[in-house]
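Here's a quick tour to follow with the structure open beside you. Take the stops in order and find each spot as you go.

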Amino acid sequence: MSNERTPLITTGVCGLTAVACGAVSDGSPESSSGSPSKDPRKLNTFFGVMVPTILSMFSIVLFLRSGFVVGHAGLLQGILMVIVAYTIISLTILSICAISTNGAIQGGGAYYMISRSLGPEFGGSIGLMFFLAKVCACGEYVLGLVEAILDVFGADPESHVSEGVRVLTQGYWYTVLYSAAVLLLCLLVCLVGAHIYSRTAFIILLVVTVSLLSIFISSVAVKPQEFNITHKGPGNQTFRYNASYTGFSAATLRNNLGSAYSLDYSTNTVMSFATVFAVMFTSCTGIMAGANMSGDLKTPSVSIPKGTIVAVFYTFTVYVLLFILVSATCDRTLLIQDYGFLQRINIWPPFVTVGIFCASLSAAMCSMIGASRILHALALDHLFGLPLAPAAITSASGNPWVAVLYTWALAQCVVFAGQLNAVASLVTVFYLLAYAAVDLACLALEWASAPNFRPTFQLFSWHTCLLGILSCLVMMFVINPVYSSGSIVLLLLLLLFLHYRSPTSSWGYISQALIFHQVRKYLLMLDVRKDHVKFWRPQVLLMVANPRSSCQLILFVNQLKKGGLYVLGHVQLGDLDSLPSDPVQQQYNFWLSLVDKLGVKAFVDLTLSPSVRQGTQHLLRITGLGGMKPNMLILGFYDSSTPEDFFLQDAAFCDSSIERGSEGEYNFGVDLPSLQAHFPPVRHVESPRWLSPEEYIGIVSDAIKMNKNVCLGRYFFQLEGEGKDSKVDGSERTIDVWPLNLLQPGSRDYEDVCSLFLLQMACVLNMSGKWRYARMRIFLNVETESSDQGWVVNEETFRELLKKLRIRASIKIVPWDSVVQHHTQPEAGHPAEPNQALSDDFLSAVNCMLVDHSSQAAVRFLYLPRPPAHHSQAQQYLSQLEAVTNGLGPTLLIHGVTPVTYTDL
């Protein structure tokens with residue numbers, strides 16, 4: 001057991017250590033390579049759980065602060081404090097047992113279990129809180145040890161001459177100096193021989209037990225005594241007190257029943273219930289020692305609950321008996337004015353002295369070891385990036401020496417408090433918050449109702465978790481509202497930091513389970529029968545053949561969705577009958593990684609189909625859930641142009657930016673080279689087309705038949721400034737809307753469903769972030785030379801409509817008599833066909849009109865005529881659309897079939 005990766009049994013004294021009982025790793029085989037045993041799970045309940053837990057709970061308070069608690073609070077309030085403290089930790093123990101018994105545990109401490117159960121956000125934030133709690137506890141134990149040393153070896157404050165063994169000068173800066181020396185000793189041991197403690201835990205427990213037995217025996221064996229106690233006060237004042245040890249006395253017990261909060265001689269502040277409870281609660285900070293040993297226990301699901309509960313019950317009994325003993329044998333002056341009074345009244349004072357030194361030094365060293373292992377684990381998990389990166393460095397034996405140095409430096413800052421009582425409130429608040437976080441973690445697992453959360457320990461419920469959280473938070477604010485508020489803010493900041501930093505891992509995310517639980521509930525509440533037009537929003541299915549040529553359109557539609565559903569759809573051609581497995585399932589990670597790279601808020605839905613048309617029908621029918629289903633289909637334009645490769649233009653897809661994240665960041669199995677290799681090169685001129693014009697127009701017709709709005713996007717590869725890092729706000733952009741069906745001049749209805757849908761979509765785009773300050777122009781085509789001057793009335797009517805719809809746009813009147821004259825008029829008595837053949841001159845004239853008026857626009861919205869009913873006219877229909885939009889720039893052809901505007905409240 002000489003390797004630093006082997007379990008440290010006595011590091012249970014650390015209480016909340018994450019790796020106090022073994023180095024935390026990511027589950028790598030190296031984590032146990034240093035152990036010569038074939039089966040590392042060899043500890044039973046007593047040695048693996050009870051010993052470290054009892055030691056950690058007997059550290060300082062047992063010997064140095066029992067009289068302090070009873071003297072100030074009295075026996076009744078002292079026992080009340082013990083009951084409250086043990087109630088809080090008992091509720092937390094239930095949560096610890098539940099988490100630690102939920103499946104096989106490979107090793108590591110509380111941080112490892114919680115982070116792997118709840119994901120990086122909870123794990124990282126709680127882990128850092130554990131680390132801070134352990135650092136503060138390390139400083140507190142060192143201050144307690146120095147206090148005990150000065151009780152024995154400290155020079156008399158009244159005398160300037162050393163007497164016997166009392167040779168150490170006292171004072172604030174001397175206390176800090178002695179604390180620094182003790183910390184340096186702890187540092188050297190932690191750097192050189194931390195493995196020694198794996199053999200000494202039981203011996204230390206025996207020493208502490210002998211010291212404890214000597215105290216109980218002394219209460220009977222030692223005769224009543226009188227003591228003179230001297231304290232140095234502010235300035236040069238000296239205070240003298242006469243105190244007595246009465247032995248068992250009913251009068252003494254009666255006098256010590258009530259509280260008598262007075263001045264604390266170490267801090268010169270008046271004590272209260274909160275400050276005394278804060279000191280007393282530091283004895284309850286070791287309940288996770290057994291859970292930290294989980295990877296080394298033969299049967300953790302049995303040992304952790306049984307050993308922890310027995311240890312807590314044992315220490316509770318000892319504290320209650322000790323409180324009763326001191327309150328019945330010592331007067332209040334002795335209890336309040338001498339922290340080390342147990343040495344004065346012992347049959348052999350070195351019994352207590354050795355016990356204090358062993359417990360304090362062991363606790364301080366193990367706190368440093370445990371805190372350093374937590375920090376090392378956080379560094380290995382890359383949760384906080386560069387600041388903690390050096391803490392991942394280890395020695396040849398696996399000792400995280402840099403993390404030890406970090407811990408030593410922070411603990412050195414803590415000892416500047418100068419007195420144990422001064423730092424007790426901070427330590428207690430940190431531990432209470434850590435316990436509340438553990439209860440919250442267990443509550444989240446319980447409320448998430450994940451089928452795999454089946455702990456073998458069943459004596460818990462969400463009620464106990466919630467009660468544990470509330471009790472911890474209440475006591476935090478009772479003890480110190482300022483420290484409590486600051487620590488909660490720190491925890492929330494850590495959660496937000498890790499959430500927005502989005503560290504990816506393969507541990508699983510409790511946030512995902514909770515989100516799923518809530519989303520399912522709210523999706524059931526989203527009733528499609530309650531839909532109303534005034535709350536309509538675009539829910540888009542964008543069909544993507546190859547993202548390499550479609551990224552700009554994907555980015556543009558992300559702005560167009562206005563908080564609605566956005567799904568990227570793709571059809572893989574094939575027949576499942578002829579394939580050994582479904583090829584689509586393996587592609588999802590690549591598409592989701594593409595979504596992450598582009599920074600769009602979109603889902604991905606893929607399907608396998610013999611044809612693109614059938615696949616698109618599948619997606620239109622089955623994409624979405626409940627009230628969140630696509631109401632709009634967007635397609636790229638079908639033409640003969642050669643697409644451009646966006647991957648070669650965006651720096652995010654270039655080799656120079658590979659893996660900008662940390663080295664160990666989990667990428668769900670998709671790195672940049674594999675992402676680039678997955679999507680095929682763009683189509684060349686000679687490449688065969690997987691989609692015929694007839695099938696393409698058939699997709700448009702199918703969508704309209706299914707009551708879906710249709711948009712065709714052309715020239716969007718020319719659109720710039722849509723990326724996630726772009727600072728464009730639209731102030732230099734123009735949105736042009738042509739609401740008239742330009743291929744049917746006879747139609748003058750600007751208020752049909754399709755025209756109003758165009759206006760709505762242009763308005764939606766104008767409300768998005770990158771288009772918010774863009775100018776919107778609406779072009780009204782009129783025949784000014786005709787005898788019918790109704791267009792003037794139509795213009796006024798249209799202006800009133802825009803006012804009712806709250807659309808801010810400028811209206812441009814475009815005379816198009818010269819264009820209409822090229823249009824072939826139907827013969828008298830024959831109605832105009834919706835897809836009749838149009839002359840090239842007319843199409844060219846329409847295109848010239850659009851170029852003349854909209855050449856400078858950033859994007860154009862045009863009316864998309866209804867596609868022909870017969871597939872034989874598909875090529876003609878496409879040719880007309882291509883001729884009209886030729887050379888325009890980014891253009892969206894829209895055919896709306898659903899009412900989307902509303903003028904009433």
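S372 is in contact with A403, V404 and T407, once its neighbours within four places in sequence are left aside. Keep in mind that this is a predicted model. S372 itself is found in helix α14, which covers residues 350-380. Is S372 buried or exposed? It's buried, because its relative accessible area is 0% and the cut-off for buried is under 20%.

- S471 lies in helix α17.
- With a relative accessible area of 18%, S471 still counts as buried, because buried means under 20%.
- Not counting residues up to four places away in sequence, S471 touches I88 and L91.
- V819 has its place in helix α27, residues 817-820.
- V819 is buried as well, at 5% relative accessibility.
- Which residues does V819 meet, leaving aside its neighbours within four places in sequence? They are F842, A845, V846 and M849.
- V819 and D841 are 22 residues apart along the chain, and their C-alpha atoms are separated by 8.7 Å.

**How helices pack**

- When two helices pack, they're described by the angle between their axes and the distance between the axes.
- Start with helix α16 (residues 420-448) and helix α19 (residues 510-525): their axes are 9 Å apart, and the packing angle is about 40°.
- That angle makes α16 oblique to α19.
- The crossing of α16 and α19 is left-handed.
- On the α16 side of this contact you'll find A444, L445, W447 and A448, and they meet I510, A513, L514 and H517 of α19.
- Sorted by type, the residues of the α16 and α19 contact come out as seven nonpolar, one polar and no charged.
- Now look at helix α17 (residues 462-479) and helix α18 (residues 481-501), whose axes cross at roughly 130° and come within 5 Å.
- So α17 is oblique to α18.
- Here L473, M476, F477 and I479 from α17 meet P481, S484, S485, S487 and I488 from α18.

**The nonpolar cores**

- The largest nonpolar core has 154 residues, and L62, I89, F281, I287 and L334 are the ones that touch the most other members.
- Helix α16 gives this core its largest share, 20 residues.
- Zoom in on L334: setting aside its neighbours within four places in sequence, it is in contact with F227, I229, A243, S244, Y245, F341, R344 and I345.
- There's another core, lying apart from the largest one, with 113 residues that include C551, L560, Y750 and L881.

**The whole chain**

- What does the secondary structure of the protein chain come to? The count is 29 helices and 14 strands.
- The protein chain has 905 residues, and 54% of them count as buried.
- Take the contacts in the protein chain with a separation of 6 or more: residues 24 or more positions apart account for 82% of them.

Definitions and conventions: Residues are numbered from 1 along each chain as its sequence is written. This is a predicted model: local features need pLDDT of at least 70, side-chain atom pairs count only at pLDDT 80 or more; totals for chains, interfaces and linings use all residues. Side-chain values use heavy atoms; hydrogens and water are left out. Axes are lines fitted to C-alpha atoms, for helices over the stretch in contact, and angles run from 0 to 180 degrees between N-to-C directions. Helices (H or I, at least four residues) and strands (E, at least two) are DSSP runs, numbered from the N terminus. Angles under 35 degrees count as roughly parallel, over 145 as roughly antiparallel, 65 to 115 as roughly perpendicular and the rest as oblique. A crossing is left-handed if the near helix is turned anticlockwise from the far one by less than a right angle, and right-handed if clockwise. Contact means heavy atoms within 4.5 Å. Ala, Val, Leu, Ile, Met, Phe, Trp, Tyr, Cys and Pro count as nonpolar, Asp, Glu, Lys and Arg as charged, and the others, Gly among them, as polar. A nonpolar core is a set of buried Ala, Val, Leu, Ile, Met, Phe, Trp, Tyr and Cys residues joined through side-chain atoms within 4.5 Å. Buried means under 20% relative accessible area, exposed over 50%, partly exposed in between (1.4 Å probe, protein chains only).
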